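Dear colleague,

Please find below the structure that I am handing over to you.

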Amino acid sequence: MKNKLSTLLLAGVATLTMFSCVDNDNLNENNGDNDALVSFGVNDVQTRAIAVSGGTLTRGAINPYLSSEDLAPQKLEVKGADAENLCIIETTVEGVNPVQADAQTRANVIKNITENFSASGHRGTTEANITTKPEWFYNEPTFSNGKLVTPRKWSWAIPHARFYAVFPQVKDEYTKIKLSPETYEGSPYIEFEAETEVTNQKDLMTACSGHVHYSVQGTAPRTDLDFRHALTAIKFAVGQNLSINKTISKVEIRNALSKGKYTLSDKFDGTGAKWENLSDAKTFKLEGLAVSTKQNPNAVLTGNDGDNYTFYMIPQELTGKNITVYVEFADGSKIESTLKGSWLAGTTKTYKLSEKNSTWEYTLETTNPANVAYNQDQSNDYLVTSYRNAPDGTKQPVKWKAVGFEEYDRATDSWTNLGTNKPTWLTAMSKEDGEGGATAESGKATITKADLKDLLTEYNKVLQTATEKGAAGNYYNLSNANGGDAIQNTANSYLISAPGYYRIPLVYGNAVKGGTTNASSYKTAHTGTDILSNFKDHLGNDITTPYINMQNASNPATQASIVWMDQKDLVDGLTVTNNGDKSFVNFHVSAANIKNGNAVIAVKSADGTIMWSWHLWFDHSDALSTIACTNHEGDNFKVTKNILGYTLYKWKSTSYESPRVARMKIEQEVGNGAKKSAYITITQSPYAEREYSTALYQFGRKDAFPGTNTLYESTFVENGGNNISIVNAIQNPGTFYTDGNKWGTEYRYFNLWSMQTTSQTDASKTLVKTVYDPCPVGFTMPPLKTFSGATTTGKTNTNNKDINALGNWDQGWHFYAKDSSSPSTVYYPAIGSRTASAGKLYGVKDRGYYWVGVPSSTSAGNNLDIRNTIVIPANNLNRAVGCSIRPVAE
């Protein structure tokens, strides 16, 4: 068996570094032989054998040492959930994921060597004295066409040579594939370690030229490298007609040996290569799956993004080694099966979850292509493998054909049967029938490219055509649920979703709640150096009443102005009604100018001193609808649908917001009893171009700052210097105070946004809202642990798999509302921030910060920090940084 295990060489794929310079000294080393450059004819033994055979391999065409016993299928018992009904069917085919060449390309050998590989050269004056170590050149990068990156040429004085090659290129920075030292004497070897994460695994190949003689001076001898596989490919598939209806979430191979030494053959035909010194049993994982046993019969398991995953394992004995296959389902149930026999180099094994009483002599497998982008008209290859096992273990092709099409209906979470018709966007499938065989047949789907629609105009039209509120002389009161005269609930931010005439009561933040004074918003019994026991007004006096013009009766607010707007002419007609506790700031929002955006308005005393300001947010009425979320500790929160101050400046999108999915059902033309069927699923991804921002806030301030640099009627000052204080902040709502020692002295308080917070470790599940809280009515700043569910550990992620999100980085993360079983997600975009040093926008689309209401020190605040490589649920950040806010319902 050792001979069988060591007959083929390593194979794989990697991204390799190209060298752009040429060693001129080396080229000029031997005068007269400048045209005799070393180069290789690069071949893939497996692909050549498939092409020559026309796709119908006879046993041993790739590996002459394989027997019918090696390729015979076997049934493996399972233990665990539904073990009485289930088994695993193991099938083996010659080749590593073999794919047939189509008729047009069969005459040309198709190479899997697509990028750089490593080559080493040994030479001598005769064949007998070719050096046993690579004194000519060692581990040289070589192009896939067989030319050395740094050219070498033959020497007429040393005309005999032997070359060894490894694909992918061996690099120092990747420590799991190591070539024997340059000083090693003998056939080179590779120290190989298989990655435990399937998505990181490498499939490797090697080759030896055998003896090559430079016999015609000035003419390089023909030098071929026939690359052979040395690893075993392992795939997992779902069987047909399974009685269970479950979703596979994880597959593991446990206790398999991960390390080994592979000695390369010194012969052209690859004989004599061997694996030895296998060690280090580990668990190999394929996670993040969501494969339904009901909807995916005979399908090879793939990732959520359509990528195809194959385990690449070191060939090894299985029987008696306690090497197992472990399958876990989304409902927490699991099964396990002990493997038998052996993994052989240059073969592909498929382990298919099946019914015990099913007929398993017939095999039909499909592999779906990766998702197709909205602007592409053709998919990658889809694959179909269809054959039956003859009694002697040989594979006999079984013809197959398409029998119908279905389209996924997301609204009903079901498939619509289209009969023989395709959906309009799926115009063609290049292969709807095939001859079958143990090597896969491939086809491509032709897709209708999707046009992009301008959705921003439609989005703003909702605001412009909404029923107008209030009228001239009869202003709509934003603190009243019905717009009436009574002051019911106040805040520092108000959502406006229609044109109209509006007014806001001159009240400090949320100092009126439920129609009565809310004194707990501006004073507390807590005391201490870092506690603000009584909140201050614009002059630094204790706030003693909710009403600004009662607090300042001798010098009331009598005028109003715009601080900044990020859309033109959002607000006009600002006036102030000075009437004690019934004072209001009044303004008009026209149907012609309303659009998604933000404005900050302020009221002033007669001498022009700003006494208070408010953030006006123009967005759809459902912007403050909530999404239920659960953090890592199991606490429940309701966060707003939109981030505070969310504004779209550009929005183009495909007409479909979710992926379009169709599938072709195929069926074998013959079968043992019921014919085998399977699906090929085609998915077209949606696309959207959005430019947007949110309001940005410095920790502890009520004042909204723009998330864009395009402003109208602006008194926004980016850099106010080290001058932060409560008085300055209130009187200058358009000034962004930058970092300095005063943040830790004048603005050091722990309870600026959370009245009962007395320390940076306050983990309360709810916060008591203060008059400096920037959130709209009914919402507060998020508590400390609101975002702990952003990672599966509740802490800073150390591995991207710890990020509790659906899909990959999308200029932000689509965090699960709870976990991967959640029906909903919440998108946290990388809005960027305003820097503490200068107030400049930074990190837009690359990074995002979201404040919580609890500080991390007297000069810093806690926040959610997101990047494409890291998520920190409770990050420590300078208070002067301008960050986003996602309010939480009270």
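The chain contains seven helices and 54 strands. Please bear in mind that this is a predicted model. The C-alpha trace spans about 110 × 70 × 50 Å along its principal axes. Of the 890 residues in the chain, 55% are buried. As for contacts between residues at least 6 apart in sequence, 70% of them join residues at least 24 apart.

I then turned to the aromatic residues. The count of aromatic pairs comes to 33. One of these is formed by Phe117 and Phe227, whose rings are arranged edge-to-face, with 5.3 Å from centre to centre and 70 degrees between the planes. Phe117 belongs to strand β5 (residues 117-124) and Phe227 to strand β11 (residues 224-229), so this pair ties together parts that are 110 residues apart in sequence. Phe117 has a relative accessibility of 0% and therefore counts as buried. Phe227 is likewise buried, because its relative accessible area is 0%.

A further edge-to-face pair consists of Phe699 and Trp851, with 5.2 Å between the centres and 70 degrees between the planes. Here too distant parts of the chain are linked: Phe699 is located in the loop between β45 (688-693) and α7 (726-731), while Trp851 is in strand β51 (residues 847-855), and the two residues are 152 apart. Phe699 and Trp851 are both buried.

Arg254 lies over the face of Tyr326, at 3.7 Å from the ring centre. In the other case, the charged end of Lys702 sits over the ring of Trp612, at 4.6 Å from the centre of that ring.

With kind regards

Key:
Residues are numbered from 1 along each chain as its sequence is written. This is a predicted model: local features need pLDDT of at least 70, side-chain atom pairs count only at pLDDT 80 or more; totals for chains, interfaces and linings use all residues. Side-chain values use heavy atoms; hydrogens and water are left out. Helices (H or I, at least four residues) and strands (E, at least two) are DSSP runs, numbered from the N terminus. Buried means under 20% relative accessible area, exposed over 50%, partly exposed in between (1.4 Å probe, protein chains only). Contact means heavy atoms within 4.5 Å. Rings of Phe, Tyr and Trp (its six-membered ring) pair if their centres lie within 6.5 Å; planes under 30 degrees apart count as stacked, over 60 as edge-to-face and the rest as tilted. A charge sits over a ring if NZ of Lys or CZ of Arg is within 6 Å of the ring centre and within 35 degrees of the ring normal.
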